[in-house]
Amino acid sequence: MNEVDFKKGFPGKLVPTVFNEYLAGPTEKPTQAKTLAFVPDPLPPKIDWQALQLEHFDAYSETILALGKINGLHKRIGNAAGMLRTLWMREAKLSSEVENIHTTAEELVLAGVGRSLNPRDSSLESWNYVRALEHGIHSDLPWSSRLIREMHDMLLQSVRGKTHRPGQFRDKGVYLSGPQMGARHARFVPMPPGDALLNAIHDLEVFVNNTYENIPSLFAVAITHYQFETIHPFSDGNGRIGRVLISRSLVKEKLLEHPVVYMSAYINEHRKQYTDLLLKISQQGGQAWSDWIGFFLEAIRTQALDAIWRSEELINLQVRFHDLLKSDGAPPRLFPVVDSLFASPAINVADLIKQTLTTKTTAGKDIDRLARLGIVREITGRERERDWLAQEIVDVISKESPQL
């Protein structure tokens with residue numbers, strides 16, 4: 001990083017740091033790269049929050065309105081929580097794509113039930129995101145270093161990130177690469193590890209768990225995300241954990257009933273603007289805080305509208321599936337089976353036996369009925385150990401909303 005890029009009044013300080021780099025290859029002698037690292041000031045920043053509220057009044061109001069609509073929709077249906085996993089799986093897929101971890105919706109679903117046609121680390125990494133999100137939402141712990149370390153541990157379990165200290169804060173320096181290789185040319189260098197990093201996380205805990213009457217809750221979530229990403233406490237997985245924490249905070253701040261609004265799709269579409277805005281805060285402060293909050297509000301509003309559309313798609317699918325069962329004279333035991341597909345769209349005969357407590361023969365006939373009605377399709381092509389997928393539910397994970 002270059003000191004001249006940081007303007008007077010930027011919200012932090014620059015400290016010297018050193019990296020041992022193997023730019024010539026892992027078998028060559030390392031070279032020492034001296035550079036600067038950024039240590040952010042504790043939140044909240046010293047800005048005119050009243051003026052900021054006035055500046056973003058319309059955007060804030062529209063965002064709150066969109067969140068209220070999604071809350072109202074989910075209150076009208078009795079099994080909203082059962083449908084959440086479909087939306088969680090979409091977020092897991094898209095959040096992973098931000099980090100260039102690519103998987104298909106089908107692979108993700110199969111990884112979630114412990115089955116796969118051709119297992120890939122990418123599908124397991126994406127499913128770990130679902131597990132981390134579930135843990136963060138259901139945990140009674142406040143926003144804390146313990147909670148985020150538990151989520152991080154789940155995120156990196158049994159995948160390529162397992163060598164990056166799952167569940168532990170980093171013990172070495174990291175940097176975000178610039179146009180040229182090496183730490184000297186880094187676009188951004190987060191603070192060094194050690195006591196300063198631990199203190200920064202502690203300060204962030206204090207901010208999140210306090211109430212500030214002059215700071216609207218959505219603004220607080222926005223600047224918390226900046227601070228977490230800037231501290232960059234882990235060696236790997238910071239972006240995914242940071243995005244999980246946004247969803248958790250929206251619920252804990254009572255802005256959402258259920259965690260169904262996510263940033264990743266918006267970040268994927270506006271990736272450069274997202275990274276530029278975060279960097280600009282560190283380098284300048286001032287107006288950059290407002291620019292970031294404006295971006296954040298638009299992202300949440302847009303994704304709330306997307307969540308409304310996807311929820312309605314899932315609700316309509318459930319109604320249609322029930323109608324198909326009724327018109328076919330299906331036994332009552334199949335209705336909860338169909339409902340369970342919205343939480344886990346993959347099923348096999350063993351699953352059906354466990355759910356309905358029937359025999360293997362009866363379960364086989366039941367799954368044939370679901371396939372004949374078009375609710376599920378067989379995906380293995382095998383005679384034994386076959387799996388079926390609720391394709392139309394899976395499609396909700398992948399397809400684009402026509403409203404956005």
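**Notes on the chain**

Analyst: Histidine 232 counts as buried, because its relative accessibility is 14% (buried means under 20% relative accessible area, exposed over 50%, partly exposed in between, with a 1.4 Å probe and protein chains only). This is a predicted model, in which local features need pLDDT of at least 70 and side-chain atom pairs count only at pLDDT 80 or more, while totals for chains, interfaces and linings use all residues. Residues are numbered from 1 along each chain as its sequence is written, and side-chain values use heavy atoms, with hydrogens and water left out.

User: Where does histidine 232 lie?

Analyst: Histidine 232 lies in the loop between H8 and H9. Helices (H or I, at least four residues) and strands (E, at least two) are DSSP runs, numbered from the N terminus.

User: And what is its phi?

Analyst: Histidine 232 has a positive phi of about 55°, although it is not a glycine. Most residues other than glycine have a negative phi, and most peptide bonds are trans.

User: Which residue takes a positive phi just after H9?

Analyst: That is lysine 254, with a phi of about 65°. Lysine 254 is not a glycine either. It is found in the loop between H9 and helix H10 (264-269).

User: Is lysine 254 buried or exposed?

Analyst: Lysine 254 is exposed, because its relative accessible area is 75%.

User: Which peptide bond is cis?

Analyst: The bond from leucine 43 to proline 44 is cis, with omega near 0°. Proline 44 lies in the loop between strand E2 (31-40) and helix H1 (49-55).

User: Back to H9. How far apart are its end C-alpha atoms?

Analyst: They are 20 Å apart. Helix H9 (residues 238-252) has 15 residues and should span 21 Å at 1.5 Å a residue, so the two values agree. The expected span is 1.5 Å times one less than the number of residues.

User: How many of the residues of H9 are buried?

Analyst: H9 is mostly covered, with 14 of its 15 residues buried.

User: At what angle do H6 and H9 pack?

Analyst: Helix H6 (residues 145-155) packs with H9 at an angle of about 125°, and their axes are 10 Å apart. Axes are lines fitted to C-alpha atoms, for helices over the stretch in contact, and angles run from 0 to 180 degrees between N-to-C directions. H6 and H9 are therefore oblique to each other; angles under 35 degrees count as roughly parallel, over 145 as roughly antiparallel, 65 to 115 as roughly perpendicular and the rest as oblique.

User: Which residues make that contact?

Analyst: H6 contributes Leu147, Ile148, Met151, His152 and Leu155, and H9 contributes Arg240, Ile241, Val244, Leu245 and Arg248. Contact means heavy atoms within 4.5 Å. The residues of this contact divide into seven nonpolar, one polar and two charged. In this division, Ala, Val, Leu, Ile, Met, Phe, Trp, Tyr, Cys and Pro count as nonpolar, Asp, Glu, Lys and Arg as charged, and the others, Gly among them, as polar.

User: What about H8 and H11, at what angle do they pack?

Analyst: Helix H8 (residues 217-231) and helix H11 (residues 271-284) pack at about 85°, with their axes 11 Å apart. They are therefore roughly perpendicular to each other. In H8, His225, Tyr226, Glu229 and Thr230 meet Tyr274, Leu278, Ile281 and Ser282 of H11. The residues of that contact divide into four nonpolar, three polar and one charged.

User: New topic: which residues is asparagine 71 in contact with, leaving aside its neighbours within four places in sequence?

Analyst: On that basis, asparagine 71 is in contact with Leu255, Leu256 and Glu257. Asparagine 71 lies in helix H2 and is buried, because its relative accessible area is 12%.

User: Glycine 68 as well, please. Where does it lie?

Analyst: Glycine 68 lies in helix H2 (residues 57-75). It counts as partly exposed, because its relative accessibility is 38%.

User: To finish, how many helices and strands does the chain come to?

Analyst: The secondary structure comes to 16 helices and five strands. Of the 404 residues of the chain, 53% count as buried.
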